[in-house]
Structure formats: C-alpha cells, structure tokens
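Trainee: I am new to this structure. Please show it to me, and let us read its features one by one.

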Amino acid sequence: ITFAVYGEADDGERLIPFDIVPRIFGAAEWQRLEQGLKQRVRALNAFLHDIYHDREIIRAGTIDARQVLNNALYRPEMQGVDLPNGVYAQIAGIDLVRVSQDEFYVLEDNLRTPSGVSYMLENRKTMMRLFPELFAMHDVEPVEHYPQMLLETLRESAPTDVADPVIVVLTPGAYNSAYFEHAFLASEMGVELVEGQDLFVQQQKVYMHTTEGPVQVHVIYRRVDDDFLDPLVFQPDSMLGVPGLLDAYCSGNVALANGVGTGVADDKSTYLFVPEMIRFYLGETPILSNVPTWCLSRPDDLRYVLEHLPELVVKEVQGSGGYGMLVGPASTKSEIETYRLRILAQPDNFIAQPTLALSTCPTLVDAGVAPRHVDLRPFVLSGREIRLVPGGLTRVALKDGSLVVNSSQGGGTKDTWVLED
C-alpha cells in the first residue's frame, strides 16, 4: 500500500509503514465509543440538513449565521435540496484520541472525503496471514464485511424510485495519493471505478460510457472535492468532474456520497459547536467530548493563543492531512514567529488546542518494542440506519515523541482489535 508524502524531496509514493503490534479494545469500551460516534454523526447530519433548509439552529442563536453563511465550504446551490434519508455524510471518519484510561476526545470530524478504510482492511488481512494462531486464540470482532456494509449504505442512498441502483466510485485518477483506496473499494464492492471523463449528463441524468452503450448511474461514491465536481458551477477549468453533475444531483436523479456542501460541518471552527448540535437536535448529553479549543476569530481567544503559542497546537480551520499546522512544543522559535505572522494576517483561519498527553501503544521499532502515540479513526456509515464495523484505522506516530500520526506526514498504521465478550 502506498501513499504520497507531500513535502518530501520528490513528493513520491512510498509504502505506508505497518506495525505488527495490534491496538486492542475491550467489548464494553468499544460499545461506549460506538454509541458516542453514532450520536455525533446523527447530529452532524441533522445540522447539515438544517443549514440547507430552515436554519433553526441559527434562528435559535446557537450558532452565528456568519459561521455558516460566510464559510468557504458552504454551498448556496444546496439550499432547499432534499437528499435521500436526509443524509449528507454517508461516510464519516471521526478521529479519536485517548487522554486517560477511560476518556476519549474527538479530535476532528472528517465528512468530505474521509480516507483510510482500505488500510484498516488490509491491516487485518496482513495480521491474519502473519499470525493465524492469534486469531484462533482470541475472539476478535471482524471488519472484513465493511465493503458490503458500504455497498448497502450506498444502495440506501439511491433515488427512492430506483430498485436496483447502478453505483460507481469516482476518482480523480491514478496520481491521487489515495488512488489505491479508490480502486480497492470499487473492486471489493464489485462496482465500476470511473473518472470524470467516463461520465456524462443528459437531460439531468448521469450516464456512464460502456462498451455496450450508455448506462445510467444512480449513486456516485465520489472521492473528488466539491470544487472540482462540476466545471459548470464550481472551478471552470476542472477536468476531474462532470459538466452538469450538480443539476442532475439537485434534481434528485443521482445521489452523491458524500453530499455537496458537507465541508461546513467538518470545518475545524464548526467543530466547536458539535456538542451544542447534539443537545439542540437530539436533546441528549454528548457521550464523547471535544478537545478544549480556542477560536482565533474571538479577540480574547486570539490574545491568549498568541501569548502561549509555544505550548499549543494551531490548525487551519479547513486544513486536513496534518498540513499547515503548528505543534508549538516541537517547533523552533523561528517557526513559531513565522506562524504568528500567519495568524495575525488572518486569525479567522485558525483554531488552537492544548497539546494533549495522548495515550501510547506498544510499537515495534529498531530498538525493540517502545511506546508511540496513536489515534483512532472509526468509519461511520449513514443510510437508513447508522452502521460501523468494530474497530477502525489506528494511526501511529513512528518518531519518538511525535504527536503527528497522519500518513501524509510520515506516520504508520496498526491493526485495531475489538475483543468479543
């Protein structure tokens, strides 16, 4: 399995390091995490439906209108568009970190094109080949049914009048860093992997070129960002999308997973409000907590963060993959001062969080077995119901003391075991 590590000398592909020591969860511990994840994703989908319809959360004063309407990822084209099951984010990757024996925080919500599930599946295959005796000795919950669970979720997302939907995976192409995953999931689900040039729109319907003529497509699992989806609406020079796709989508003739405009909800400044979304839409107390967060658009928060930069982690609100962030304790004075100027130039573009004492997991390194920091990304699927396999992608920071686990920043992965009762 390969991944592009951006910023390296040649920006080339490299193998993702795989650690053979699994991360293990007990059944009761996982059950609580599962409940919290389902609760959070329900609230996020309710929020997305609301902001593109009645905007009750804005009218109630829980979230300021500017937080939504001035967000670069808000898509006014989606206003009033009804989606199957009221679901905008069929696939969500929720990043979790453990900060004590029994306490987890949500680090961020990934609702646009979350990646990494293929690595979770390949990690399990590798472990079962290497250590079949371990799986004979321990009751480890399976994860290999995820592709069929994803396929069922996509089927449930099809237009309501379609009994046997045609589903495709839309990829930007072989040069995308996550292309392995796009091809892997299409193969595992038994659906076509397509690029924008393989599709066309006619009379508000999407068709796929085949050797036997055009075939109508009903569901597109897209791994192409909003900006590149439809050159008639978004970036006009995009060669990755399909002209007329948004019109077909808004007409209800094709479903997109994930929906257009979901980025508002995984913006890191919107993240602050997810606990309030859970209370507002579900009337429940959040099961999983947020990391304490400073929003730099607030003068008091900005003042505090600028005074404590060497102690904090600062992130771009629309950043992903570990890019564009400052880890204060691991940065030089020069790096901190350069970042300070970036913040002052556009404070609305940043949030800050404390440097958490993340939990560690035994990891095989050159010197033997040593602790390394980890996080966890479970994948939550939303169709007519919410589903997830027991486990997720455990990412591990391979450098001693490092807190950055992203594959795009040189991190590795582990198999994640949930033990049955």
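Mentor: Arginine 279 and glutamate 276 both belong to helix H10. They sit three residues apart, about one turn of the helix. Helices (H or I, at least four residues) and strands (E, at least two) are DSSP runs, numbered from the N terminus.

Trainee: Which numbering and which atoms apply here?

Mentor: Residues count from 1 along each chain as its sequence is written, and side-chain values use heavy atoms, leaving out hydrogens and water. The model is predicted: local features need pLDDT of at least 70, side-chain atom pairs count only at pLDDT 80 or more, and totals for chains, interfaces and linings use all residues.

Trainee: What do arginine 279 and glutamate 276 form?

Mentor: Side chains of opposite charge can pair when their charged atoms come close. Here the two form a salt bridge (a side-chain nitrogen of Lys or Arg within 4 Å of a carboxyl oxygen of Asp or Glu). Their closest N and O atoms are 2.9 Å apart.

Trainee: Is arginine 279 buried, partly exposed or exposed?

Mentor: Arginine 279 is partly exposed, at 40% relative accessible area. Buried means under 20%, exposed over 50%, partly exposed in between (1.4 Å probe, protein chains only). Glutamate 276 is partly exposed too, at 37%.

Trainee: How many salt bridges does the whole structure hold?

Mentor: The search finds 29. One of them pairs lysine 268 with glutamate 108, with 3.8 Å between the closest N and O atoms. Lysine 268 is in the loop between helix H9 (263-266) and helix H10 (274-282), and glutamate 108 is in strand S5 (residues 103-110), so this pair ties together parts 160 residues apart in sequence. Both lysine 268 and glutamate 108 are buried.

Trainee: What links arginine 112 to aspartate 266?

Mentor: Another salt bridge, at 3.1 Å from N to O. This pair also links distant parts of the chain, 154 residues apart. Arginine 112 lies in the loop between S5 and helix H4 (117-130), while aspartate 266 lies in helix H9. Arginine 112 is partly exposed at 24% relative accessibility. Aspartate 266, at 7%, is buried.

Trainee: At what angle do helix H6 and helix H7 pack?

Mentor: Two packed helices are described by the angle between their axes and the distance between the axes. H6 (residues 146-156) and H7 (residues 179-189) pack at about 80°, with axes 9 Å apart. Axes are lines fitted to C-alpha atoms, for helices over the stretch in contact, and angles run from 0 to 180 degrees between N-to-C directions.

Trainee: Which residues make the contact?

Mentor: Contact means heavy atoms within 4.5 Å. H6 brings Tyr146, Pro147, Gln148, Leu150, Leu151 and Leu154. H7 brings Leu185, Glu188 and Met189.

Trainee: Where is serine 382 found?

Mentor: In strand S20 (residues 379-382). Serine 382 is buried, at 2% relative accessible area. Not counting residues up to four places away in sequence, serine 382 touches Val41, Asn45, Val87, Ala89, Gln90 and Thr153.

Trainee: And where is proline 84 found?

Mentor: In the loop between helix H3 (65-69) and strand S4 (91-100). Proline 84 is partly exposed, at 26%. Beyond its neighbours within four places in sequence, proline 84 is in contact with Ser157 and Ala158. Leucine 37 is 47 residues from proline 84 in sequence and 21 Å away in space, C-alpha to C-alpha.
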